[in-house]
Structure formats: structure tokens, C-alpha cells
Amino acid sequence: MRRCWLVTNAGSGSTAADGIAQIETRLAAQGRTLVGRTGFPDQAIPSPMDLNTAGATLVVLLAGDGTVNAVLTALDGWAGSVLILPGGTMNLLAKQLHGDVSAETILERLEQRPPPRRIALPYVTGDGHRAYAGLILGPATRWVHAREAARAGRPRQLLRAIGQAWRRTFGRGLRLQDMPELPRAYQAVFVQPGEAVMALTAVDARHWRRMMELGWAAMRGNWAEAKGVTRATASSFRLASRKAGLALFDGEPRMLGTRCTITTGRTCALVLATDQAPSSVVRSSSEGS
Ligand SMILES: Nc1ncnc2c1ncn2[C@@H]1O[C@H](COP(=O)(O)OP(=O)(O)OP(=O)(O)O)[C@@H](O)[C@H]1O
């Protein structure tokens, strides 16, 4: 893992130019050679063939969960390793793999003996899209447009997006098929990948602030029996919607077709985990290095 390719996203929550420079300095101090750099999304993610041609055996990724999603999906099947460093806002995957530690600490652990394990990550999938940290379904997904407008510093677009999200959230909820445990119409359904089955958390809460708090907290797994929340597990289920609907795959908006089926999958052993006591999702999917 001496020859690396660095992928960054300047739009990710906590990726600053000096942070990227620090990572490059640290890699050089460890005797690693940077054979390529990609600034996503302006530049395309390198293909396995690009990486092999450059002799890269390690992709170091400093970005948020949305960028991590794009890279893992593009590189699934590659024989090298991917090291995910926290460069985003939530960094759910980096925390699962390494604990809540800095990029510097994770790079230090690359040198430890035995070396970090390469693991296969489970994901949930629908209509060809994947979510490694979590999938959000239902009208609450409309709030993503407000988030992106705020991020882009566009106040008029933000106000319009808030208005639309507000109306949608309190409109008709999402119904699921093949899930008798979840019989109602829900404002949001959070789906997290797991070992054999996925975990569903359905929110039937009509207060928008509670709903958004519950949503992202659910992804971090730090709340349990909140009001208006029902939990279930499934190996697959279908959306009952007759119209295409918005979904958030690791926070990124994608359209799902009518009656789309959501199932599970798993990557090849691609991703490095450095935490001694990783989360249950990671532990359950671990493989030898
Ligand atoms: N596949 C993609 N294609 C195009 N743009 C993307 C893609 N994934 C992420 N982005 C954009 O890159 C920016 C940063 O997203 P990213 O998810 O990497 O960081 P974040 O949202 O700050 O972190 P986190 O998801 O961990 O909270 C966002 O504007 C996002 O929409």
C-alpha cells in the first residue's frame, strides 16, 4: 500500500485545502508515493484500470459519505484497498470503520501491526443505486433541496425549497409492501444495511423538526424507542408508490421508480477498518486482509 491515489471533494463539509495538504505531507512522511489525485465531482473517479496502470494499491479518500458512496460503487471489484478519512459533515462510514477519530490518527494506524483489515461492506440497493451508511425514503427526503440551497448560499432558492419540502412532508406519506409490521403511511423510512437483513425505522411523526432530528439521529443509531417510531427488519421490501419518488442514498438524492424493490448486497473486501472495536455493521462483515 505504498503507492496511493488521493480522492478529495472540496464541497464536503470538513475538507479544506490545508487539510488536504496535511494528508499529503503525512503520506509522504510514511514513505508513500502519491501517483494520482482526483478532485471529485469536477474530475471523474479513477477506474480500476486507471489505478492499476498507475500502480496504485491504495485509494485514500478524504470526503463525506456521498463521495465515499460514489467511490466504493465505482471501485467494487478492484483488488486494491480504500482508506476512508473523515472529510464530510456526518462521516458516518468513517466513524463505523475507525471510530470518532481524526484523519491523522487513522493514518497513524496504517502503520500498526497487524495491519488494518480489509472488509466487505454491506449496502442496501434499489434501482441500481446503493447506500452504505443509510437510505432515506418518504416525503421527508424533500428537505435535501433546502440543504443544497443553503450550502450553495442561494437564499431565494432556499426559501422556495423550504416551502415545497414543508408541503410535501405533511402531505401523503410513503407506504411499503411486503412489510406487515409497517402498515401505515410514513413521513420517513430509514433503512440501514446489516449482516443478513436491513434495519428499517419508520417515522410517523407530523412535526417536521422532530422528524429531521430523528432522521439523522437514526443513522447514528443513538436513539431507541422514540414516539412515532416503529422498527422492523427485512431482507427485501417494495415501495407501494404509484409515482417515482425521491430517495436519499447516503445523503445524495436519487429517483426511485414505481413499486421499486429494495434489497441488500455486499462489496468485495475493499475497505480498510482500523478500529479495534468497530460497529456491529462492520464487525459482522469483516474478512481477513
Ligand atoms: N455522486 C455524486 N455526484 C455529484 N456530486 C456529489 C456526489 N456525491 C456527493 N456530491 C456532492 O458533493 C458535496 C459534498 O458531499 P459529501 O457527501 O461528500 O459531503 P458532506 O455532505 O459534507 O458529508 P456527509 O455526507 O458525510 O454528511 C455535496 O454538494 C454533494 O451533493
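The buried residues of helix α3 are D65, G66, T67, V68, N69, A70, V71, L72 and L75. A residue counts as buried if 20 or more other C-beta atoms lie within 10 Å of its own, as exposed if 12 or fewer do, and as partly exposed in between, with C-beta atoms placed from the backbone. By that count α3 is mostly covered, with nine of its eleven residues buried. G77 follows α3 and has a positive phi, near 105°.

This is a predicted model: local features need pLDDT of at least 70, side-chain atom pairs count only at pLDDT 80 or more, and totals for chains, interfaces and linings use all residues. Residues are numbered from 1 along each chain as its sequence is written.

**The chain**

The chain has nine helices and 15 strands. Both are DSSP runs numbered from the N terminus: helices are H or I with at least four residues, strands are E with at least two. Of the 289 residues, 39% count as buried. Among contacts between residues at least 6 apart in sequence, 71% join residues at least 24 apart. Two residues are in contact if their C-beta atoms, placed from the backbone, lie within 7 Å.

**The ligand**

How many residues surround the ligand? There are 18, and the closest are G13, G64, G66, G88 and M90. A residue is near a molecule or strand if its C-beta atom, placed from the backbone, lies within 6 Å of it. Helix α3 (residues 65-75) gives the most to this shell, with four residues. By class, the shell has four nonpolar, eleven polar and three charged residues. Ala, Val, Leu, Ile, Met, Phe, Trp, Tyr, Cys and Pro count as nonpolar; Asp, Glu, Lys and Arg count as charged; the others, Gly among them, count as polar.

Domain 1 (3-111) and domain 2 (131-265) both give residues to the shell, so the ligand lies between them. The domain bounds come from an automatic or database domain assignment.

**A six-stranded sheet**

Six strands form an open sheet, in the order β11-β10-β9-β7-β13-β14, with antiparallel pairing. The edges are β11 (229-234) and β14 (252-256), each of which pairs on one side only. Neighbouring strands of this sheet are turned by 25° against each other on average, direction ignored. Two strands pair if DSSP finds at least two bridges between them. Five bridges join β9 (residues 188-192) to β10 (residues 198-203), and these two strands run antiparallel. Q192 stands opposite A199 in β10.

The bond from F40 to P41 is cis, with omega near 0°. Another cis bond joins R113 and P114.

| Residue | Loop |
|---|---|
| P41 | between β2 (33-39) and α2 (48-54) |
| P114 | between α5 (103-109) and β5 (117-126) |
| N91 | between β4 (81-86) and α4 (92-98) |
| R259 | between β14 and β15 (261-273) |

N91 has a phi near 55°, a positive value in a residue other than glycine. R259, also not glycine, has a positive phi near 50°. R259 is exposed, because 11 other C-beta atoms lie within 10 Å.

Terms used:
Axes fitted to C-alpha atoms, helices over the stretch in contact; angles between N-to-C directions.
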